[in-house]
Amino acid sequence: MRHKILVTGGTGYIGSHTTVQLQQAGFDVVIIDNLSNSRREVLDGIEAITGIRPEFVEGDCTDIETLRRLFREHPGIDGIINFAASKAVGESVHKPILYYRNNLGTLLNLLECMPEFGVKGIVFSSSCTVYGEPDKNPIDESAPIKAATSPYGNTKQISEEIIRDVITSGAPVKSILLRYFNPIGAHPSAKIGELPLGVPQNLVPYVTQTAAGIRKELTVFGDDYDTPDGTCIRDFIDVNDLAKAHVIAMKRMLDNPDGEKLEVFNLGTGRGLSVLELINAFEEASGVKLNYRIGPRREGDIEKIWANPEKANTVLGWKAETPIRDTMASAWRWQLTLSNPNEKQPS
C-alpha cells in the first residue's frame with residue numbers, strides 16, 4: 001500500500017526537493033503552502049522531473065481549521081514532513097514575533113491534528129542552530145543545546161521541546177528530528193532550486209545573483225573570526241542529499257511501528273567550509289569571478305560549526321555524497337535558468 005505524506009511548505013526550497021524524492025520513492029504527496037516565500041510554478045518543475053503533479057493546497061498552517069479541512073479532504077495521510085517555517089537568521093533578529101507565530105503556531109496545529117486524523121509520524125525540519133556557538137567541532141547529537149543566538153534558532157529549540165513533551169505525554173505519534181546544517185545547490189535538472197522572493201537572505205542565492213549581475217556585490221559578514229581565513233565556517237550540504245534523508249526518515253517511522261518514538265539525527269557532510277572557500281568553489285564551478293567585499297559581522301551569526309554525521313550514516317544508512325563543486329555548479333545552472341528560462345543550460 002502506498003503511503004500518503006503531507007509536506008508543509010512543499011513549494012519551498014527544501015520542501016520541493018523532498019517532494020521529488022518522495023514521489024520517486026513511491027509515496028503520494030499532498031503539499032500545503034501559503035506561497036509567502038515560494039511560487040506555484042514550482043509544481044511545474046516537480047512534475048517535469050517526476051512526471052507526477054503533487055496534490056496542492058494553498059493555505060496557511062497557522063490556521064488550524066485550514067489544516068483540518070485539508071485532512072478531511074485528503075484522507076489517509078500517514079506522515080508529515082514539516083518545512084512550513086520562516087528560516088532566515090538575520091531576518092529573525094529584526095522580526096521575532098513573525099518567527100515565533102509562524103514557526104511555533106504551525107507545529108502546534110500539526111501536532112494537535114495528528115491524533116485526530118490518525119497521522120502516525122512527523123519528520124521535523126530542525127537545525128544545527130540548536131547547538132548555539134559550539135564548544136568544539138564536529139558536533140554530534142550528544143552536544144549540549146545552548147542558548148540560541150537568534151529567534152530563528154530559538155524557535156527550533158522550542159519546537160524540539162514541544163515535540164518531546166507531546167510524545168512524553170503519551171500522544172500516539174512518532175517523530176524524527178533532523179538537525180541539518182546549511183543546505184545549498186539545486187536539482188541537477190535545473191527545474192527546481194532555491195527561489196527567494198526579493199533580496200536573498202541566504203548566502204548561495206546572493207552569490208549566484210551577484211554573479212548574474214542582479215546584485216551589485218556580495219557582502220561577506222566579517223573576516224575577523226577565529227578561523228583560518230577569518231570568515232565564518234559552515235557545513236554546506238547539497239539539498240538533494242538532504243532531501244533523500246527525509247525519505248529515509250519517513251520510511252523508518254512508518255515501517256517500524258514498534259521503533260523508537262523520538263529520534264534525532266545530524267545531517268551534514270562532516271566538513272566545514274569557510275565563506276571564502278565557498279566563494280572560491282563557486283568561481284571554479286562557474287568560471288565567473290565574483291564581486292564581493294568584506295563587511296562587518298552580522299548579528300546572530302555563529303563563528304564555526306560543522307557536523308559529525310556518523311549516527312545518520314550508520315543508523316539511517318544515509319550519507320551526503322555530492323562534491324561541493326557539483327553543488328555549486330547546480331546552483332549556477334539554476335540561476336542561469338531563472339535568468340534565461342528558454343536557454344538550455346550546461347550539464
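In which helix is the place of Ile-324?

## Ile-324 and helix H11

Ile-324 lies in helix H11, which covers residues 324-339; helices (H or I, at least four residues) and strands (E, at least two) are DSSP runs, numbered from the N terminus. The model is predicted, so local features need pLDDT of at least 70 and side-chain atom pairs count only at pLDDT 80 or more, while totals for chains, interfaces and linings use all residues. Residues are numbered from 1 along each chain as its sequence is written, and side-chain values use heavy atoms, with hydrogens and water left out.

Not counting residues up to four places away in sequence, Ile-324 touches Ile-184, Phe-236, Arg-271, Leu-273, Leu-278 and Ala-281, where contact means heavy atoms within 4.5 Å. Between Ile-324 and Ser-126 the C-alpha to C-alpha distance is 22 Å, at a sequence separation of 198 residues.

## Thr-8 in strand E1

Thr-8 belongs to strand E1 (residues 4-8). Thr-8 is buried, its relative accessible area being 0% (buried means under 20%, exposed over 50%, partly exposed in between, with a 1.4 Å probe and protein chains only). Leaving aside neighbours within four places in sequence, the contacts of Thr-8 include Ile-32, Cys-61, Phe-83 and Leu-110.

The side chains of Thr-8 and Asn-82 are joined by a polar contact of 2.5 Å. Such a contact is a pair of N or O atoms within 3.5 Å; within protein, one must be able to donate a hydrogen and the other to accept it, and residues adjacent in sequence count only if both atoms are side-chain atoms.

## Strands E6 and E11

Strand E6 (residues 174-180) and E11 run parallel, joined by 6 bridges; two strands pair if DSSP finds at least two bridges between them. Leu-177 stands opposite Val-264 in E11. Strand E11 (residues 262-267) is mostly covered, with 5 of its 6 residues buried.
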